[in-house]
Amino acid sequence: MSIGHFVDGKRVGGTSERRGDVFDPATGRRTAEVELACTADVDVAVQAAARAARAWRDASLARRSGVLFAFRELVHSRRDRLAEVITAEHGKVLADAAGEVQRGLEVIEYACGLASALRGAFSENVSTEVDSYTIRQPLGVVAVISPFNFPVMVPLWFVPVAVACGNAVVLKPSEKDPSAALLLAEWFAEAGLPDGVLNVVNGDKVAVDALLDHPEVRAVSFVGSTPIARYVYQRGTAAGKRVQALGGAKNHMVVLPDADLDLAADAAVNAGFGSAGERCMAISVLVAVEPVADALVERIAARMAGLRTGDGRRGCDMGPLVTAAHAAKVRSYVDAGVAAGAMPVVDGRDVTPDGDPDGFWLGPTLFDRVTPQMSIYTDEIFGPVLSVVRVGSYDEAVELVNASPYGNGTAIFTNDGGAARRYQHEVQVGMVGINVPIPVPMAYHSFGGWKSSLFGDLHAHGEDGVRFFTRGKVVTSRWLDPRHGGVNLGFPTQT
C-alpha cells in the first residue's frame with residue numbers, strides 16, 4: 001500500500017520518487033510505503049493553502065465554529081477507528097491510543113468556542129470623539145510539523161486552533177506513522193472545511209526545509225527533539241517566520257520522605273512506562289529524597305513484575321518501540337547504564353513479549369543508584385527506562401532538577417503543602433505536577449516548557465495558541481459630524 005498526501009480537499013500522489021517504509025511495530029512487518037515529498041510537492045500544498053486562506057479568513061466566526069463542531073462529532077464517533085490506526089503504526093496499546101484521541105478532542109472542543117477568545121477591546125473617546133479598538137486577524141498559511149509519538153494529539157494541539165483563527169494549514173506528520181493525519185484531514189473535509197484549508201504533506205527533512213523556507217508560510221509549529229527544535233527555530237526565524245518549537249525533556253519526579261510511597265510508586269510506573277516511555281512528558285528520573293529510596297525502589301520493582309509487554313491489540317500494558325532502529329538505540333542506553341555502574345533492578349532486555357518475536361521489543365527497565373554523570377541521566381532516551389537518583393535533602397533535589405538543561409515537566413510527591421508550594425515557586429520548569437506525575441494542562445491552558453524544551457515565546461493551545469495564530473491590530477477612528485472640521489497642521493494631541 002502506498003500512502004500519499006492530502007492536498008486541496010483530496011488524497012493525491014506527489015512527483016517525488018523517494019519512499020519510506022511504514023511498519024507494524026508489534027510484528028516488525030512492513031505494512032506500507034509512504035511518499036516523501038520533494039520541494040515541488042510542498043509548494044503545491046502551500047499554494048493550495050494560500051488560495052484557500054484568502055477566503056477562509058473572511059469566513060464568519062459562526063461558520064468556522066460550525067465546521068469545528070461537526071469535526072468534533074466525527075472524531076468522537078470514530079475514536080476507536082483512530083485508536084486502531086495509532087496502535088497499528090506507532091505500537092502503543094489501544095487504551096493509551098484512545099487516551100491520546102481524548103486529549104486531542106479536548107483541544108477541538110476548546111477551538112469550538114474560540115469566537116470569544118478572538119474578541120478585541122474597545123475604548124470610547126480616547127480623545128475628543130476619537131475611539132480606539134483592537135482586533136485579532138489570522139496570519140495566512142501556517143505549517144505544523146508533528147512527531148511520531150502522538151500522531152493524533154499533537155496535530156490536534158495546533159490545527160483546530162489555527163483553523164478557528166482563520167488560517168490555512170499545511171501539516172507534515174511523522175513519516176513513521178502518517179495514516180492518522182490523513183484521516184483527520186478527510187474528516188475535516190467531511191465536516192465542511194473548504195478545500196485547501198487543511199493539507200497534509202508526508203515527508204522527511206526535505207519537506208521540513210521546504211516549509212521553513214517557503215515565503216507563503218507565515219508561522220511554524222513544531223514538536224520533536226531538542227536538536228531539531230533548535231534547528232527549526234533558527235531556520236524558520238531566519239526566514240522571517242513566527243516559530244514555536246517544542247523540544248525534548250528529561251522530566252524529574254521528586255519524592256519527599258513524607259509522601260505516600262504507594263501512590264508515588266504507582267505514579268512512577270504509569271508515567272515512566274506508558275507508551276513505552278515515548279512521551280516528552282514521561283517521567284525518566286525519579287529523585288528519591290532519603291531515607292525513602294530503598295522502600296520506593298522495592299515498590300516500583302514489585303509493580304513492574306506484573307506488567308505485560310506485548311502487542312497493543314492484546315490487552316497488554318506496554319507495547320513495542322516505534323522502529324527497530326529506535327529500539328536498538330534505547331537498548332544501547334541500557335547497555336551504557338550497566339557499563340557505567342548503575343544498578344539494573346529490572347532489566348528490560350530480558351523481556352518475553354506477548355507478541356511476534358520480530359516486533360521492536362524492550363521491556364520496562366529500572367536503574368537504581370544513577371549519578372548525574374551517566375548518559376542514562378543526561379540524555380533524553382525516549383524509551384521505557386526509569387533512573388533513580390538518591391539525594392539527601394529537598395534543597396539537593398531542587399538543585400538537581402534546576403541544573404538540567406531541559407525544563408519541560410516535573411512532579412513532586414509530598415503531603416506537605418508548604419513544601420509543594422515552595423517547589424512550584426522554585427523549580428525552573430514550565431509544567432509542574434503536585435502528586436500528579438504527568439502535568440499536561442487542559443486545552444484552555446497552554447502546553448510548553450522552559451529552557452531547551454521550548455524555542456519561541458508562545459506555548460501550544462490555550463490563550464498562547466490564539467496569540468500565536470493571530471496578529472493584533474489597533475484601530476483609531478474618528479467619524480466627523482457637521483459640527484467638526486477645519487484645518488490644523490499641529491501635531492495631534494489628546495484634548
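Predicted model: local features only at pLDDT ≥ 70, side-chain atom pairs only at ≥ 80, totals over all residues.
Which residues point one way from β17, and which the other way?

**View 1. Strand β17 and its side-chain directions.** V385, S387, V389 and V391 point one way from β17, while L386, V388 and R390 point the other way. Both sets are buried. The strand spans residues 385–391 and is mostly covered, with seven of its seven residues buried.

**View 2. Pairing of β17 with β14 and β16.** Strand β14, residues 283–289, runs parallel to β17 and is joined to it by five bridges. Within this pairing, A288 stands opposite R390 of β17. Strand β16, residues 365–368, also pairs with β17 in the parallel sense, over three bridges. Here T365 is the residue opposite V385 of β17.

**View 3. The largest pocket and its lining.** The volume of the largest pocket is about 910 Å³. Its lining comprises 35 residues, and those nearest the centre are F148, K176, G224, S225 and I228. Four elements each supply at least two lining residues: α7 (205–213), β11 (217–223), α8 (226–238) and α11 (324–340). Helix α8 gives the largest share, five residues. Sorted by class, the pocket lining contains 17 nonpolar, 11 polar and seven charged residues.

**View 4. The largest cavity.** Across the whole structure, a search finds six cavities of 30 Å³ or more. The largest cavity has a volume of about 120 Å³. It is lined by 15 residues, of which G277, R279, A282, S284 and F382 are the closest to its centre. The lining of this cavity divides into seven nonpolar, five polar and three charged residues.

View 5. The structure holds zero disulfides. For C165, the closest cysteine sulfur belongs to C112 and lies 13 Å away, which is too far for a bond, because a disulfide requires two cysteine sulfur atoms within 2.5 Å. C165 is buried, at a relative accessible area of 2%. C316 is likewise buried, at a relative accessible area of 7%.

View 6. An unreviewed UniProt entry places the feature "domain: Aldehyde dehydrogenase" at residues 18–475. Over residues 18–475, the chain is 40% helix and 22% strand.

Methods
Residues numbered from 1 in each chain as written. Heavy atoms only, no water. Buried < 20%, exposed > 50% of the residue type's maximum accessible area, 1.4 Å probe, protein only. 1 Å grid on protein atoms, 1.4 Å probe; cavity = no way out; pocket = protein on both sides within 12 Å on 5 of 7 lines; lining within 4 Å. Points joined across faces, edges and corners; volume = space filled by probe spheres on them. Nonpolar A, V, L, I, M, F, W, Y, C, P; charged D, E, K, R; others polar. UniProt positions renumbered as here; feature names shortened; annotations may be inferred. Pairing = 2+ DSSP bridges.
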